[in-house]
Amino acid sequence: MTKYVGIASGKGGVGKTTVSINLAMALNNLGHDTILLDANLATPHIAIHLGAPLVPITLHDVLNGKNKLTEATYQHPSGLKIVPASISLDELDELNPRKLSNLLFDQELGELTIVDMAAGLTSDVAPIFSMLNELLVVTNADMPSVTEALKTIKLAEKNNVEVKGVILNKSTGKDLISIENIESILGKNIISIIPEDNQVKNSLKMNHPLVYAFPDSPASIEFKKLAATLTGKRYEEKIEKGFLQNLLSRFGFF
Ligand SMILES: Nc1ncnc2c1ncn2[C@@H]1O[C@H](COP(=O)(O)OP(=O)(O)OP(=O)(O)O)[C@@H](O)[C@H]1O
Ligand SMILES: [Mg+2]
């Protein structure tokens, strides 16, 4: 049975798509057959982030009954499997998130499917909850995103979705609200703190997941730790080996 893990937020732009892409890639690298599905039907960004904006068959074609889900699944050069939504404005009218949850109800995707969701509490979001096994809520350390995250958590719980935890993204280490305060406002644990990382921009330019393009960057390491935590594995600090190798290479050992 595919396990569907939703990535949601109340406020837009907090990093859902970045988290979805990199968590899916990190899970894949741990050996879990993981698919990344773009459930942000009105403003899909996965294909844009990964440099595949114009694929022949999208999730919209599947929702319209024209194609099978397997025909809308693509393998990115990084190895990540994605189901992109259409970025075409023409297909906007036809979208119906309820169709998506019905469609996926009896479909097998990967062992794990990461579902990148739309921001907010619009009618686009609620129907998606019914297909999820669990939800991760992304926030930044500012009051607007934390307040909106709380509404998302409440809506998820109203729809009987287990909120597994909160991901604090773009943390500067000098955040305006403390971790303890965010946890007490939301009533949930922060299970991952992803730092603000300049390499995110560079990976976007390269159309690659950060964990693929810059596996040792600070945010990548946190994405890998998160993937390990979620699957009950121990994170292996491979960076130490890299560091040691770099050091030894300076002394001519490699
Ligand atoms: N940890 C990070 N460090 C630096 N920049 C980041 C980080 N996470 C995300 N960003 C940047 O923040 C911007 C918004 O990220 P992203 O598109 O993932 O957010 P989103 O929540 O999916 O947005 P939307 O609500 O529009 O779907 C992007 O420019 C992205 O590159
Ligand atoms: Mg997004």
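Reader: Is serine 217 buried or exposed?

Author: This is a predicted model, and every value below is computed from it. Buried means under 20% relative accessible area. Serine 217 has a relative accessible area of 7%, so this residue is buried.

Reader: Where does serine 217 lie?

Author: Serine 217 is part of the loop between α9 and α10. From its C-alpha to that of valine 200 the gap in space is 9.0 Å, and the two are 17 residues apart in sequence.

Reader: Which loop holds proline 215, and how is the accessibility of proline 215 classed?

Author: Proline 215 is found in the loop between α9 (210-213) and α10 (218-230). Proline 215 has 33% relative accessibility, so it counts as partly exposed. The C-alpha atoms of proline 215 and alanine 26 are separated by 9.5 Å, and these residues are 189 residues apart along the chain.

Reader: Now a strand. Is isoleucine 82 buried or exposed?

Author: Isoleucine 82 belongs to strand β4 (residues 81-83). Its relative accessibility is 2%, which is under 20%, so isoleucine 82 counts as buried.

Reader: What separates the C-alpha atoms of isoleucine 82 and leucine 36?

Author: A distance of 4.7 Å separates them, although isoleucine 82 and leucine 36 are 46 residues apart along the chain.

Reader: What is phi for lysine 170, and where does lysine 170 lie?

Author: Lysine 170 has a positive phi, near 60°, and is a residue other than glycine. Lysine 170 is in strand β7. Its relative accessibility is 34%, so lysine 170 counts as partly exposed.

Reader: Next, the ligand. Which residues come nearest to ligand 1?

Author: There are 19 residues around ligand 1, and of these Lys16, Thr17, Thr18, Asn169 and Asp197 come nearest.

Reader: How do I read a contact? Which atom of threonine 18 lies 2.6 Å from an oxygen atom of ligand 1?

Author: Look at which part of the residue supplies the atom. For threonine 18 it is a polar side-chain atom, 2.6 Å from an oxygen atom of ligand 1. For glycine 13 it is a backbone N or O atom, which lies 3.0 Å from an oxygen atom of ligand 1. Proline 195 also places a backbone N or O atom 3.0 Å away, in this case from a nitrogen atom of ligand 1.

Reader: What share of the accessible area of ligand 1 does the protein cover?

Author: On its own, ligand 1 has 630 Å² of accessible area, and the protein covers 80% of that. Ligand 1 sits in the largest pocket.

Reader: Which elements give two or more residues to the shell around ligand 1?

Author: They are α1 (16-29), β7 (162-171), β8 (190-195) and α8 (199-205). With 3 residues, α1 gives the most to this shell.

Definitions and conventions. Residues numbered from 1 in each chain as written. Chains lettered and ligands numbered in written order. Predicted model: local features only at pLDDT ≥ 70, side-chain atom pairs only at ≥ 80, totals over all residues. Heavy atoms only, no water. Near = heavy atom within 4 Å. Polar contact = N/O pair within 3.5 Å; in protein donor to acceptor, adjacent residues only side chain to side chain. Areas by Shrake-Rupley, 256 points an atom, 1.4 Å probe, with all protein chains shown as cover. 1 Å grid on protein atoms, 1.4 Å probe; cavity = no way out; pocket = protein on both sides within 12 Å on 5 of 7 lines; lining within 4 Å. Sits in = over half its atoms within 2 Å of the grid points. Helix = DSSP H or I, 4+ residues; strand = E, 2+ residues; numbered from the N terminus. Buried < 20%, exposed > 50% of the residue type's maximum accessible area, 1.4 Å probe, protein only.
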